[in-house]
Amino acid sequence: MRFYWFLLIAFICPLIVSAQTGTITGKVVRADSKSPVANASVFLNNATYGTSTAEDGTFTLAGVKPGQYQLVVTGVSIEEYSTTVLVGREPAKLSIEVNQKVLMLREVVISSSADWKKNYELFRKEFVGDTENGKECKVTNPHILNIIYHRGKQQLEASGDEFLVVENLALGYRTKFLLKSFLYDAIEHTISYSGSALFENLPGSAAQKKLWKQKREQAYYGSAQHFYRSLYKGKLKEEGFEAHDFTRLINPERPEEAVLVQKMKKYRDGPRDSAMRYYNLSKMTKWYRENLAKLPYQEFEILRKTPQDGIYALTFPHFLYVVYTKREETTEFKDVYHPLDMPNYETSIMTKYSGYVAFDMNGIVVSSPSPLYEGSWSKAKLGDLLPVDYEPGD
């Protein structure tokens, strides 16, 4: 199964913030009246830094680690505001103007409680995840979600006007996720979503914190975030990664996924020969003529600097085949090629949708759309997600 995850990230001229003080201050006012906005949420997206504006609209984010972040301002009566912040050499004082939120009527969908529960369980599986960590996540306010299932298209949509609060009892985080949009396509087996998140550390005993630390490190090592950080630091081999050139062609004998789903549904009740034919076709691999370059890339062959400080570009001609040699894979992926002479290491295949993949010093992709991950990296969902400012040992 392949999962296509992407976040919509605004590209706005970055503001430079001091790495030494790590402090961002600012004031939030209304664009029309210039009056201060109190109690607005101000946070760095997918990080652990967040606060609220005071009565005079001011805020402070202190102790921020170096790197690029998306600063988000949101509130009940204001339109969401975001800008890119690069923690670097100089302190920053931001003047932020926000617009009043225009209330829009939502599509009203009436469904039974059984249907809602079924749709929610599907959403939870595909957004939070059903990995070991995902199963230990508790969604505290699921009913803030607006969930619609389109049976004809076999697509699940979800969104929310409030923060979806998820307590990750495996990693020790409370994640507040403002979900703008979510779409799961059951035919293509793809997921796309957009939104912003704030991570908060859960309170716990010394023993719990020790266990959370171990679990966080397990989630980090071998992850896409770990790979990107190792790449720009020139430490792929040292950190256990190999990146290979990979080519493949679509199998012409296997029909498109939508056709297979349609035919299997049509012949579900007979005739049996037709049903078995399309069932067997669905079990065929999507790819053929797969070729893996034996020698891995050196960092300088695929890494480029960009004019933007702290932003790097990953480029490769075909597909990128990434192997993490410090851990074996426990999941079988039908469409992920694996040479017979290679140990059963965790393996991921990356597909890019433009000439390069842009990422920052935190190891987070900042280009849109994000690359497609297959294999080991495709398993990671909200339940396995770490803040962008996470460092092993934290």
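Tyr220 is buried, at 5% relative accessibility (buried means under 20% relative accessible area, exposed over 50% and partly exposed in between, with a 1.4 Å probe and protein chains only). Tyr221 is partly exposed, at 29%. The model is predicted: local features need pLDDT of at least 70, side-chain atom pairs count only at pLDDT 80 or more, and totals for chains, interfaces and linings use all residues. Residues are numbered from 1 along each chain as its sequence is written, and side-chain values use heavy atoms, leaving out hydrogens and water.

**Aromatic pairs**
- The whole structure holds 24 aromatic pairs (ring centres of Phe, Tyr or the six-membered ring of Trp within 6.5 Å; planes under 30 degrees apart are stacked, over 60 edge-to-face, the rest tilted).
- Tyr220 and Tyr221 form an edge-to-face pair, with 5.3 Å between centres and 70° between planes.
- Phe246 and Tyr337 are stacked because their centres are 5.8 Å apart and their planes at 20°.
- Phe246 is buried at 0% relative accessibility, whereas Tyr337 is partly exposed at 26%.
- One aromatic cluster includes Phe227, Tyr312, Phe359 and Trp377.

**Charges over rings**
- The charged end of Arg248 sits over the ring of Trp287, 3.7 Å from its centre (the criterion is NZ of Lys or CZ of Arg within 6 Å of the ring centre and within 35 degrees of the ring normal).
- Lys352 lies over the face of Phe316, 5.3 Å from the ring centre.

**Contacts of Leu145**
- Leu145 touches Trp116, Tyr120, Phe123, Ser159, Leu164 and Leu179, not counting residues up to four places away in sequence (contact means heavy atoms within 4.5 Å).
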